[in-house]
Structures are given as structure tokens and as C-alpha cells.
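Work through these exercises with the structure open beside you. Try each task before you read its solution.

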Amino acid sequence: MTQIMWFRRDLRLADNPALLAAINSAADGEDVLALYIVGPRTWATMSPVQQHYLVASLASLNESLSGNLVIKYGDAREIIPNLVQSLKASVVHAGELHTPNAIARDLEIARKLSGVGSELKFTGSAYAVAPGRITKDDGSFYKVYTPYYKNWLKHGWRRPAEYPDLNQVWCTSVNSDKLPERAELSAFDHPIAGEAAALKRWERFKQTALADYADNRNRPDLDGTSMLSAALRFGEIHPRTLLADLEDSSGHEVFRKEIAWREFYADILFNRPDTDTGYYNRAYQAMEYDTGEKAQERFTAWVTGTTGYPLVDAGMRQLRTTGWMHNRVRMVVASFLIKDLHLEWTLGAEHFAQWLTDFDVASNSHGWQWTAGCGTDASPYYRVFNPIGQAIRFDPHGDYVRKFIPELRHIPGPAVHEPWLVADGLAHGYPEPIVDHASERLEALSRLEKLPKGKVQSAHNPRENDQKRLIQSFE
DNA sequence: TTTTGAGTTGTTCGA
DNA sequence: GTCGAACAACTCAAA
């Protein structure tokens with residue numbers, strides 16, 4: 001008999017309750033299969049940076065498991081039941097996932113397993129407080145961040161789980177599949193994947209940047225953020241591990257709130273699964289967007305970082321070359337796509353999904369919807385980012401822009417943010433602005449005013465009962 | 001049921 | 001250059 005540990009978004013050994021459950025459940029004579037499954041459709045839509053990061057993270061996990069990680073390539077709906085039958089596995093252990101597609105898939109697998117006398121058992125999740133657990137007195141979920149945060153704090157979380165005993169007998173009778181070839185990476189630096197690298201980065205962030213996080217987190221020109229987003233997305237480190245180290249000072253508090261934002265958006269998506277790609281506030285479906293050839297050209301300029309707005313272009317190029325973009329810049333490029341180019345936020349969300357190594361459907365979709373105005377925030381309609389104002393404020397010396405835009409490196413200081421005002425500023429091929437921000441801002445405001453006023457329409461959620469049933473008691 | 005205060009991240013304009 | 005007001009109306013949470 002075999003216990004199966006199915007790694008998904010928890011590519012680590014430390015503080016991994018599902019792994020602990022698998023090892024502790026293995027009775028005398030039972031081994032444990034450490035398994036990861038790469039889905040062909042997922043793989044095909046991943047950017048080169050995402051593919052390389054995943055492969056590196058799996059290699060790191062495999063090393064921690066002394067080479068006993070088995071990687072399969074295919075549909076988990078087939079692979080899991082087949083392995084259960086061939087190994088006569090009694091239980092498949094996993095950390096619970098809370099996004100709509102994962103819930104549907106896990107439910108299907110759970111049904112298949114129960115049909116053959118086995119079980120898909122969830123222990124733990126990717127969150128300090130699992131989605132669905134924080135509710136108001138009437139049982140409904142919070143739609144505003146601040147009261148959610150207060151209750152999230154009050155709810156609290158467990159201490160990190162103990163380290164597993166690796167003197168476990170691992171199942172070695174299953175062979176790994178070979179993954180398809182990967183596309184080549186750009187020459188830029190990329191984050192180092194793996195649990196050890198994540199812990200090291202956290203230690204370094206704590207010592208160098210956490211104290212000033214409240215001030216510096218908005219500065220893309222500084223090394224002021226944790227750079228742990230990809231590690232959190234792949235579960236190389238658990239938010240509990242971070243929270244356990246935080247104190248009461250200002251920088252620590254702001255960082256704690258960022259962790260809570262991640263959990264808030266996961267909770268919103270869990271309760272409104274239609275918002276993975278759909279509008280949270282459906283009144284905005286009536287928004288007027290540009291279409292046609294000109295819109296297509298503008299979208300291409302946005303994607304390739306050739307809009308003529310240096311901060312926007314630096315961010316878009318950082319995304320494609322490193323697989324990451326600073327949070328402040330994400331808001332600026334999002335605002336630019338939606339309010340300056342008048343294109344639908346879903347286009348931007350899809351592009352981010354393809355290129356961000358830290359892509360997380362809840363944070364991505366709701367981050368975009370926040371900017372678009374259709375998200376949970378009661379965003380004032382007049383909130384339109386000025387791409388030049390933001391650049392001068394948050395990249396005050398122009399260092400960030402020059403790093404990612406070689407055509408502008410000859411312009412010193414903050415003048416780089418308005419190269420068309422500098423003699424020879426556009427001499428190295430950098431384009432003129434493709435739109436005029438001042439007039440596009442007014443255009444965006446006028447389109448927003450035309451939207452019908454109305455209550456946020458909550459879609460019926462046909463999977464609600466299934467989701468409630470899947471909530472385990474760990475968090 | 002009604003009421004009250006609050007709601008991540010902004011910009012512009014005029015004094 | 002700095003600073004406060006204005007930019008809508010609405011939903012949400014809690015009393």
C-alpha cells in the first residue's frame with residue numbers, strides 16, 4: 001500500500017501540513033509517493049520564465065527529497081486515479097486549492113477516487129486563513145478590505161507545522177515523464193526558484209528592507225520589496241512562516257496587510273467564482289471600449305513597451321524580460337491600458353497571466369478590476385493615474401526607466417520621464433507618446449459617467465455547496 | 001429597519 | 001512650491 005503526496009502549490013518541505021499528513025499516515029510497510037503533475041494545457045500557456053521557474057523549483061524539491069519526486073506530464077483527472085489503482089493507494093494527500101477550476105477538477109478526482117475505495121484528503125491550504133472562513137455575523141463574506149482585515153487578524157492562524165521526518169520510505173516504482181522543451185530565456189536576471197532560496201530571500205528582506213517597507217515599497221527604482229510573490233504562488237514558502245516573524249512596527253504592519261490582501265482576494269474569488277475572468281461589478285460590462293485596427297496597434301504597443309510613456313514601457317519590458325513587475329508599476333500600466341487606451345481590463349489580465357511568474361488568478365483578476373473600477377474597492381471614477389506624475393513621484397531619479405529602456409539611457413535624471421522635451425531625447429529610436437494623456441483622461445471620465453448606476457450584481461454560484469463541503473478544519 | 005461613517009494605492013486647480 | 005478643496009454617487013459594515 002502507498003500514500004500519495006500530491007504537491008501542487010506547496011513546493012516545500014517546511015510547514016507543509018499535507019506532506020506531514022501523508023508521512024504520518026503511512027503505516028508500517030507503507031511507502032509514500034511524492035508526486036507533481038504538469039498539465040499539458042497549463043504548460044502550453046506558460047511563458048518561458050514561468051516554465052523555467054517551475055522546472056527549477058521542482059528540481060529543488062526533488063533534491064530536498066533525495067531524488068524521490070516523481071513528475072508526471074498529463075491530465076491529473078486521469079493520472080491520479082490510474083496511480084491510485086496501480087499502487088493500491090489508500091489516500092491521496094494534498095493542500096486544498098480554492099480557485100474555481102482547481103475546485104472543479106479536485107471534485108471530479110475526489111468522486112473518481114471514492115468510487116474505487118480511495119480518498120482525496122486535503123490538509124492545509126496556501127493561506128494563513130483559508131478562503132471561506134472569515135464571515136460576517138450573518139454568514140456572508142466581506143466585500144470591503146478593512147473590515148475583512150480586522151476580522152482576519154482576530155481570527156488568527158496556526159503556528160507553522162513541524163518539519164517532516166524524511167527517513168520515510170519513498171515509492172520508487174513510478175517513473176517520471178520528460179517535460180517538453182522550454183523556450184529560451186532573456187539575458188536578464190531571474191529569481192532563483194526553490195524553498196531554500198525563498199527562505200534566504202525572506203531573511204535578507206527582513207534584515208535590509210522590512211523596516212523601511214512602508215516608505216520604499218512603492219519605489220520601483222529601489223530594492224524595497226520582498227520579491228517573494230513567485231515563491232508564495234508556488235508555495236515554496238507559506239504565509240504563516242512570514243507572519244510568524246512579523247512584529248508591530250510600521251513596516252511590519254504594512255507587509256502584514258499585503259499578505260492579507262492576497263488572502264482577501266482569494267476569499268472574494270472563492271465566494272464569487274465567476275470573477276476569475278468576469279466582472280465583479282457587472283454594471284461595468286456596459287463600459288465602452290475601443291476596438292478595431294487602431295485598438296489592436298495600441299495594444300501591441302502596450303505589450304511591447306513602445307507607448308512612448310517611459311514608466312509604462314519600462315514596466316512592460318520588465319514583465320517580458322524578467323517575469324515580474326513592481327506592484328506600483330503594475331497599477332500604472334493597468335491604468336494606462338484601461339483609461340488611456342480604452343481597452344478592456346481582461347486583455348491586460350490575460351497578458352499578465354501569461355507572463356507573470358507569480359501569476360495568481362485571484363490577485364491578478366481583482367488587482368485589474370480594482371484599477372478598472374469594477375472591483376471590490378469603491379473606487380472613485382475620477383481615479384486615473386498620470387503616467388508622468390507617477391514616474392516623477394516613484395522613480396524620482398529615473399533609474400528604473402533607464403534600466404529597462406536602453407534607448408533612453410543617454411538622458412540623465414528625471415528628465416528621462418519626458419524624453420520628447422529633451423534635445424535628442426528621441427534620437428535612439430524611442431517613440432513619441434502614442435496618445436495624449438490629458439485628453440484620454442477626460443475621455444475615460446466621460447465614458448465612466450455613462451455607466452448605469454446600480455447595485456453590485458452577485459452572480460448565482462452553482463458550486464457554492466460543493467465549496468462549503470470541501471472546506472477542511474485545518475485553518 | 002434605519003442611520004451613520006467609512007471606503008489601499010489619484011489628479012487638478014486655484015489660492 | 002505647498003496646500004486644501006473638489007471631483008458623484010454608491011455600497012458596505014456595524015450600531
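**Exercise 1. State what share of chain A is buried, and decide whether its radius of gyration fits a compact globule.**

Solution. The model is predicted. Start with burial: buried residues make up 43% of the 475 residues in chain A. Next, take the radius of gyration. A compact globule with 475 residues would have a value near 23 Å. Chain A has 23 Å, so the two agree. Then look at the outline. Along the principal axes, the C-alpha atoms of chain A fill a box of roughly 75 × 50 × 50 Å. Last, check the contacts. Among those in chain A with a separation of 6 or more, 77% join residues 24 or more positions apart.

**Exercise 2. Give the strand order of the sheet and find its edges.**

Solution. Begin with the inventory: chain A holds 20 helices and 5 strands. An open sheet of 5 strands has the order β3-β2-β1-β4-β5, and the pairing is parallel. Now read off the ends. β3 (69–73) and β5 (119–125) stand at the edges. Each has a single partner strand, so one side of each is left without a neighbour in the sheet. From one strand to the next, the twist averages 30 degrees.

Zoom in on one pair. Strand β2 (residues 31–38) runs parallel to β3, and 5 bridges join them. Within this region, Val-38 stands opposite Tyr-73 in β3. What holds such pairs together in general? Strands of a sheet pair through backbone hydrogen bonds, either parallel or antiparallel.

**Exercise 3. Describe how helices α4 and α5 sit against the strands.**

Solution. Take helix α4 (residues 76–87) and list what it touches. It packs on the sheet and touches β1 (2–7), β2, β3 and β4 (89–96). Its direction makes about 145 degrees with that of β4. Now take helix α5 (residues 100–115). This helix lies across β4 and β5. It runs at about 140 degrees to β5.

**Exercise 4. For Asp-15 and Lys-88, decide: buried or exposed?**

Solution. First, the rule that is needed: 20 or more other C-beta atoms within 10 Å means buried, and 12 or fewer means exposed. Asp-15 has 24 other C-beta atoms within 10 Å, so Asp-15 is buried. Lys-88 has 11 C-beta neighbours inside 10 Å, so Lys-88 counts as exposed.

Then place them. Asp-15 is in the loop between β1 and α1 (17–25). Lys-88 is in the loop between α4 and β4.

Finally, check the backbone. Most residues other than glycine have a negative phi. Asp-15 has a positive phi of about 50 degrees, although it is not a glycine. Lys-88 is not a glycine either, yet its phi is positive, at about 55 degrees.

**Exercise 5. Characterise the surface near DNA strand B.**

Solution. Start with the residues. There are 16 around DNA strand B, and Tyr-145, Thr-146, Trp-261, Ala-378 and Asn-386 come nearest. Sort the surface by class: 10 nonpolar, 4 polar and 2 charged residues. Then ask which helices contribute. α6 (145–155) and α17 (387–394) each supply at least two residues of this surface.

Key:
Residues numbered from 1 in each chain as written. Chains lettered and ligands numbered in written order. Predicted model: local features only at pLDDT ≥ 70, side-chain atom pairs only at ≥ 80, totals over all residues. Near = placed C-beta within 6 Å. Helix = DSSP H or I, 4+ residues; strand = E, 2+ residues; numbered from the N terminus. Nonpolar A, V, L, I, M, F, W, Y, C, P; charged D, E, K, R; others polar. Rg over C-alpha atoms; globule rule 2.2 N^0.38 Å. Contact = placed C-beta atoms within 7 Å. Pairing = 2+ DSSP bridges. Axes fitted to C-alpha atoms, helices over the stretch in contact; angles between N-to-C directions.
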